[in-house]
Amino acid sequence: MYYTYVLQSSTDKRFYTGSTQDLKRRLEQHNRGQVDSTRDRRPFTLIYYEGCLDRDDAVRREKYLKSLQ
């Protein structure tokens, strides 16, 4: 299963949307500073996620959610 997720930065209150196969590991990576695009905005809170059937569905949903921001 794949996941599309939305994080909120506690630093600047902005959102980050992504997709992954391992949601718990990916959230830990964001909060440890192991993701270049979010390193300076830590810590993050998971505010939304949804399960997707496959990677293509997760990426499609991620792009849709990003288009709403």
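R41 is buried (under 20% relative accessible area, with exposed meaning over 50% and partly exposed in between, for a 1.4 Å probe and protein chains only), as its relative accessible area is 12%. The model is predicted, so local features need pLDDT of at least 70 and side-chain atom pairs count only at pLDDT 80 or more, while totals for chains, interfaces and linings use all residues. Residues are numbered from 1 along each chain as its sequence is written, and side-chain values use heavy atoms, with hydrogens and water left out.

The side chain of R41 meets that of D12 in a salt bridge, at 3.1 Å from N to O. A salt bridge is defined as a side-chain nitrogen of Lys or Arg within 4 Å of a carboxyl oxygen of Asp or Glu. This pair links distant parts of the chain, 29 residues apart: R41 lies in the loop between α1 (23–32) and β3, and D12 in the loop between β1 and β2. Helices (H or I, at least four residues) and strands (E, at least two) are DSSP runs, numbered from the N terminus. D12 is partly exposed, with a relative accessible area of 30%.

By the same rule, the count of salt bridges comes to eight. K66 counts as partly exposed at 41% relative accessibility, whereas E62 is buried at 12%. Salt bridges that share partners also join D12, R14 and R41 into one network. R60 forms a salt bridge with D57, and the closest N and O atoms are 2.8 Å apart. R60 and D57 are three residues apart in helix α2 (residues 55–68), and therefore about one helical turn separates them. R60 counts as exposed at 52% relative accessibility, and D57 as partly exposed at 25%.

Strands pair if DSSP finds at least two bridges between them. Strand β1 (residues 2–9) runs antiparallel to strand β3 (residues 44–52), and eight bridges join them. In this pairing, S9 stands opposite F44. Six bridges join β1 to strand β2 (residues 15–20), also in an antiparallel arrangement, and Y5 stands opposite G18 in β2. The hairpin of β1 and β2 has five residues between the strands, and K13 takes a positive phi near 65 degrees there.

Y48 is placed in strand β3 and counts as partly exposed, at 36% relative accessibility.
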